[in-house]
Amino acid sequence: MRKYSKIVCAIFIFLLLFNLSGCKNKQQNKPQKKPQTSQKTEVPKELSKIEKDIEKIIKEAQKIKEKPQSDQEKQSDKEKKDKKEEDKKSPKKTPEDKSWEEINKAIKNIHTDWNSLTPLVTKEGAKLNLINSMGAAINDLTIIANKKSKIDVLIYANNVYKYIPDLEDLFQSEAPTDIKRLKFYAQDIAFKSEVQKWEEISKDLIDINSVWQTLKPKLPKEAKNSADKFEAGVAELQKAIKSQNKVLTKIKADVLLQDIKSLEKTAKPKK
């Protein structure tokens, strides 16, 4: 009886080991699922072109020298009429005329590139609100450019730039997009200081500090010097805004924009 029990136990152990071995082999032979990777695509050329055209508009608008309103009002009706007649006889283009031509050309290019970009950002999951806001900003810039107001064009062109980092977030960008958000706010302060919109400027400063708190921990060690300069620049800008001096605020905002440019260079990953 004992001998029979031993044989049964031996057979049972053998069968158990055989089943375990078979299960193990099945698991090994079973094809394993590849981990899903959400690799972002590169920034489309249309988006890069829109950004460059916005920068071009800002650059050209800054070249324009507007006559003070008081000088324009002093001109008599006869002088205005004589000038129009003279322009008809000798239609020479002034540097200002050329700048406005370049601005309008860049705006048309933005419309073309935005039409091509819209389906691409939609495919990448852009929210309808972002698409509509960008489209509205481009349209507003187009309308305001016809009025040929330098400061308005600067502000409205920057309002288009506002959505560039949000759109870039959908793709794989070289540097952190928060740097471009800092650039938007700094430019907004620089441009709005001309018309002394202090309430909006103060809000921009709050937003700069908020974005910086998010961005700073993400920066590489190589960006430390640039980060220190940026923080010093923000402190100086804050003093200027507090004084509500438009000349000083404009200068400090321009200096901060240079600091942001330096920050962008050091924040890019080395290839």
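Select helix 7 to begin; its 12 residues reach 17 Å from the first C-alpha to the last, close to the 16 Å expected at 1.5 Å a residue. That expected span is 1.5 Å times one less than the number of residues. Helices here are DSSP runs of H or I with at least four residues, strands are runs of E with at least two, and both are numbered from the N terminus. This is a predicted model, in which local features need pLDDT of at least 70 and side-chain atom pairs count only at pLDDT 80 or more, while totals for chains, interfaces and linings use all residues. Residues are numbered from 1 along each chain as its sequence is written, and side-chain values use heavy atoms, with hydrogens and water left out.

Is helix 7 mostly covered or mostly open? Nine of its 12 residues are buried, so that it is mostly covered; buried means under 20% relative accessible area, exposed means over 50%, and partly exposed lies in between (1.4 Å probe, protein chains only). Highlight the buried residues: Lys150, Ile151, Val153, Leu154, Ile155, Ala157, Asn158, Val160 and Tyr161. They pack against helix 2, helix 5, helix 6, helix 8 and helix 9.

Step back to lysine 148, in the loop between helix 6 and helix 7. Although lysine 148 is not a glycine, its phi is positive, about 55°. Its relative accessibility is 45%, so lysine 148 counts as partly exposed.

**Helix 5**

Next, select residues 95-123, which form helix 5. Its 29 residues reach 42 Å from the first C-alpha to the last, close to the 42 Å expected at 1.5 Å a residue. Where does helix 5 bend? Look at leucine 117: the bend there is about 35°, and proline 119 follows within four residues. The bend at a residue is the angle between axes fitted to the seven residues ending there and the seven starting there.

Now colour the buried residues of helix 5, namely Ser99, Trp100, Ile103, Ala106, Ile107, Ile110, Asp113, Trp114, Leu117 and Val121. Their cover includes helix 2 (45-63), helix 6 (128-145), helix 7 (150-161) and helix 8 (164-168). After helix 5 comes glycine 125, whose phi is positive, near 100°.

Move on to glutamine 196, in the loop between helix 9 (178-192) and helix 10. Glutamine 196 has a positive phi of about 55° without being a glycine. With 43% relative accessibility, glutamine 196 counts as partly exposed.

In helix 10, select glutamate 199. At 73% relative accessibility, glutamate 199 counts as exposed.

Which residues is isoleucine 208 in contact with, leaving aside its neighbours within four places in sequence? They are Leu182, Tyr185, Ala186, Ile189, Phe230, Val234 and Leu256, where contact means heavy atoms within 4.5 Å. Tyrosine 185 is 23 residues from isoleucine 208 in sequence, and their C-alpha atoms are 6.5 Å apart.

**An aromatic pair**

Display the rings of tryptophan 212 and phenylalanine 230. Rings of Phe, Tyr and Trp (its six-membered ring) pair if their centres lie within 6.5 Å; planes under 30 degrees apart count as stacked, over 60 as edge-to-face and the rest as tilted. By this rule there are two aromatic pairs. In one of them, the centres of tryptophan 212 and phenylalanine 230 are 4.5 Å apart and the planes stand at 45°, so the pair is tilted. Tryptophan 212 lies in helix 10 (residues 198-215) and phenylalanine 230 in helix 11 (residues 224-243), so the pair ties together parts that are 18 residues apart in sequence. Both tryptophan 212 and phenylalanine 230 are buried.

**Threonine 249**

Finally, select threonine 249 in helix 12 (residues 246-267). Threonine 249 is buried, with a relative accessible area of 0%. A polar atom of its side chain lies 3.3 Å from the backbone oxygen of alanine 240. Apart from neighbours within four places in sequence, threonine 249 is in contact with Ile189, Ser193, Trp198, Leu237, Ala240 and Ile241.

**The whole chain**

Zoom out to view the chain, which has 12 helices and zero strands. Buried residues make up 35% of its 271 residues.

Conventions. A polar contact is a pair of N or O atoms within 3.5 Å; within protein, one must be able to donate a hydrogen and the other to accept it, and residues adjacent in sequence count only if both atoms are side-chain atoms.
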